[in-house]
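Have a look at it first, and then we can walk through it together.

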Amino acid sequence: MVGTIGIFALPMRKDTECCAYVKRFIEGRVFSVLMISTISLNALCMVLQTNYDIRNYLFLIFEVVEVLFMSVYCFEFCIKLYVDPLGYWKNGYNLLNVVIIIILSVPFYMRKLFGRHYPYLNIGEGIQSLRILKLIPYSRGIRTLITALGQTICTVASVMTLLFLMMFIFAILGFCLFGSTDAGDLNNWGNLAVAFFTLFSLTTVDGWTDLQKDLDERGFTLSRAFTIFFILLGSFVFLSMFVGVMIIHTEDSIKKFEKELEDERHVAVLQEKQNILKKQQEEVSRLMQKGLVEGFKKTLRHSDPMVLEDFCTTLPFIDIYLSTLDNQDNTISKYIEIEDDLGLPKLRGKGKEGEHSRQRKSIERHW
Amino acid sequence: MKSAELPEVSENFGPTAVTRADAVRSRLIDTFSLIDHFRGLSQAVPRHNLREFLDPARQRKLMLGDQHQLVRFSIRPGHNRILFAQRQQCRLRVRCNRWAPISLWAGWVLRKRIFINFVNCLIFLNTIFLMVEIELVNTTNVRMLPIMMALEVGSWFILFIFILEIVLFWLYNFFLFWKSAWNLFDFFVTTLSLLPEIVVLVGVTGESVWLQLLRICRVLRSLKLFARFRQIRVIILALVRALKTMTFLLVLLLIFFYIFALTGVYFFESYSRSDIQDLEYQMYFTDVPNSLVTVFILFTLDHWYALLQDAWRVPALSKAFSSLYVILWLLLGSIIFRNIIVAMMVTNFQAIRNELSEEATHSEMQHKASIFKRQIIKRRLNQKDGEKAKVRSSSGHITPQTSYHSASSLTGDMSQSENLVKTSVPKDLSTPQEYRLSSDSPGLVDWETHVHQNLHGLMEMDQDERVVWPRDSLFRYFELLEKLQYNIEERKQLQEFAVKALINLKDN
């Protein structure tokens with residue numbers, strides 16, 4: 001019994017059993033082992049394919065294996081979509097799967113549409129390496145890491161934007177100073193793109209002395225001040241600030257994440273405890289009848305010792321408990337006095353309080 | 001036991017009272033193994049004690065009488081830390097040994113401060129000898145020969161002392177040796193420096209390169225220093241822990257390395273195959289191993305712009321994609337990932353430091369908890385005395401006020417640092433102890449807050465404290481405690497009613 005598959009499925013699915021079975025299969029171990037092994041094999045094959053000799057020699061095998069991998073990925077896409085057509089698109093990892101399937105088909109269509117000598121063909125083949133990202137959903141540790149670090153993306157983006165703006169300003173400045181005239185350094189400051197590259201090189205302080213030497217040869221007077229100022233600002237201040245901000249955010253997000261995990265675990269443990277307690281109560285109330293308990297009580301002898309280590313049977317606990325109850329009793333008695341003063345009708349609380357203190361006394365007596 | 005009535009009453013109350021009462025009842029059931037008893041599974045009552053067992057006549061009668069012959073005992077996990085050294089002194093193998101107890105002597109030697117310092121000095125000396133030897137190894141000066149001989153003999157002597165130390169530890173406890181990672185490291189280093197000599201002795205003369213390498217392993221002996229000093233140990237342990245938490249980050253980094261290496265091979269294909277002369281970095285993207293190394297070079301931000309400019313010289317290479325590749329990898333790998341690693345290291349070190357300080361606060365908390373316990377016991381004792389006095393003096397109506405008076409006087413009496421006092425003063429100050437109250441000073445906590453602050457510490461105390469209860473009293477105690485919970489809950493409800501009534505009165 002196959003229900004309707006598709007995004008416009010009916011709100012009430014008729015094929016619940018099949019759906020549940022497929023869902024169990026997806027969440028089971030067989031499926032994840034299958035996917036992990038497929039993706040790893042795919043990664044290995046791609047590495048082997050870079051070598052021209054091997055590729056020539058095993059051409060047919062690679063073709064067959066490619067079709068196999070593509071079919072496995074499409075199968076995964078289809079059954080996950082079948083289980084949950086609408087909720088499929090809400091999960092980020094599923095979107096990643098869709099993107100990778102699209103990427104997979106890019107070289108094929110490129111070859112078809114543009115012929116075999118299209119210069120951008122190797123770009124299409126290059127991005128096939130992204131297939132290994134499919135491994136991430138199947139590894140719990142990496143998933144938690146990405147969730148924990150996901151908060152830092154906003155910070156990263158804002159710092160990057162700030163850096164870009166600063167580089168933009170300095171690029172325009174540098175272009176006007178060093179690259180606009182004919183006698184200027186057109187190689188490094190000739191147009192905006194090259195200026196950006198030069199500034200990025202200064203930010204990462206790699207090979208900046210050579211760039212500075214180029215400027216010195218042309219005889220620009222202010223170039224040293226400009227370069228040093230930008231290096232101080234971009235590399236020392238900005239990148240260090242980047243590190244500092246990331247440290248704080250990583251700490252916060254990891255702490256928050258761990259706290260969430262801890263809370264979840266705590267709630268689950270508490271729930272378990274409640275369940276066990278409830279079962280125990282039911283069982284005991286089933287078994288306990290008046291006669292049985294009395295009979296049990298008769299077997300208790302005063303000379304039999306019971307050695308306990310529980311906190312609730314220790315002397316300090318009893319002391320604290322009874323002292324706290326005394327204080328509460330005190331509060332009530334004061335309140336009753338206030339009532340007397342105000343002339344309010346007496347509550348029945350006094351009687352209950354008497355019984356309560358009577359019980360306390362009986363505990364002390366037995367002790 | 002009116003347990004049959006209680007389930008009806010419990011429905012009127014809120015969840016907390018029921019859970020507390022239920023907890024008490026399940027404690028009762030647990031302690032007395034009521035379920036087993038009602039199922040008839042076992043004789044839950046301990047009818048015999050150890051003395052009856054040790055008496056042979058009674059023992060025989062017991063064994064014949066009890067058809068299951070089962071013994072119920074409870075296991076208490078011990079918290080003692082008995083060191084191996086302490087245990088060794090009691091073992092029969094050591095005490096009743098036919099020959100001298102060498103393991104005891106070995107343990108004593110290993111723990112002696114003089115011996116430890118001696119071995120440390122030898123490690124230093126070994127390093128110095130090695131340094132001098134390296135300098136002198138290629139001289140042809142004849143006068144240096146005796147010095148060389150002396151250094152060689154010294155090295156051998158030190159090696160023998162190291163071997164002796166390992167043998168001493170084996171004599172002390174063979175299996176404990178292999179459980180510690182530092183000992184394994186010591187063993188590994190010593191065997192590695194011993195290996196070339198053994199190989200030479202056996203007679204293998206060829207492969208002199210390997211012999212040279214093995215001789216160089218002598219230098220590793222200096223690493224033994226790391227295991228000796230406590231500070232270095234702490235740092236290394238902290239480092240290992242930090243690395244362990246960062247495994248997934250490193251796995252993610254490896255995945256990105258793979259992606260960019262593979263992509264690099266394809267993107268720079270035309271650069272690798274270009275015919276233009278003297279391209280500096282042409283071999284850098286030819287196949288995957290080279291590409292991996294190049295990706296690592298870019299990760300360390302070394303000569304990336306030179307590489308890019310060199311690649312641009314090839315016209316077939318698309319400038320946009322290659323620069324996009326390099327810039328993206330620099331941003332992602334070198335800037336973002338490296339700083340994430342730094343951030344995680346810092347977080348880990350902070351966590352480790354917090355843990356270490358937590359241990360210090362733990363012991364402090366224990367101390368506070370024991371002070372708190374003493375306070376409670378004293379307070380209770382005084383309370384009892386106060387009550388007895390009141391009972392003797394006045395009528396039978398025992399008001400809680402008396403107990404409060406004596407309690408607060410007691411607290412004023414104490415010279416501890418924590419002065420607990422109730423902020424409201426009692427009405428009649430008849431007994432003479434009252435004026436010792438440190439009363440009405442704001443800022444001191446009241447009893448309940450004080451209890452809440454210290455209760456956790458009290459519960460976590462490490463003492464192996466056991467309380468002996470008589471059996472029927474314990475049963476009665478649990479029963480009463482359960483009933484008390486219900487009554488307290490009822491009182492709470494009454495209090496709420498009273499408050500509402502008062503508010504209504506005030507409003508009207």
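A residue is called buried when its relative accessible area is under 20%, exposed when over 50%, and partly exposed in between (1.4 Å probe, protein chains only). By that rule, buried residues make up 41% of the 367 residues in chain A. Chain A has 15 helices and one strand; helices (H or I, at least four residues) and strands (E, at least two) are DSSP runs, numbered from the N terminus.

A word on the ground rules: this is a predicted model, where local features need pLDDT of at least 70, side-chain atom pairs count only at pLDDT 80 or more, and totals for chains, interfaces and linings use all residues. Residues are numbered from 1 along each chain as its sequence is written, chains are lettered from A and ligands numbered from 1 in the order in which they are written, and side-chain values use heavy atoms, with hydrogens and water left out.

Now for where the chains meet. Counting a contact as heavy atoms within 4.5 Å, 109 residues from chain B and 107 residues from chain A take part. Together the two chains bury about 10,700 Å², 68% of it on carbon and sulfur atoms; that buried area is the accessible area (1.4 Å probe) that two parts lose on being put together, summed over both.

There's strand pairing here too (DSSP must find at least two bridges between the strands). Strand β1 (residues 305–308) of chain A and strand β1 (residues 467–470) of chain B run antiparallel, joined by four bridges. In this pairing, Pro305(A) stands opposite Pro470(B).

What about salt bridges, meaning a side-chain nitrogen of Lys or Arg within 4 Å of a carboxyl oxygen of Asp or Glu? The whole structure has 15 of them over all chains, and the count between chain B and chain A is one. Here are some examples:

| Pair | Closest N to O |
|---|---|
| Asp329(A) and Arg491(B) | 2.7 Å |
| Glu66(A) and Arg131(A) | 2.7 Å |

Glu66(A) is partly exposed at 27%, while Arg131(A) is buried at 5%.

Arg476(B) and Glu479(B), on the other hand, both sit in helix α23 of chain B, three residues apart, about one turn of the helix. Here Arg476(B) is partly exposed at 29% and Glu479(B) is buried at 7%.
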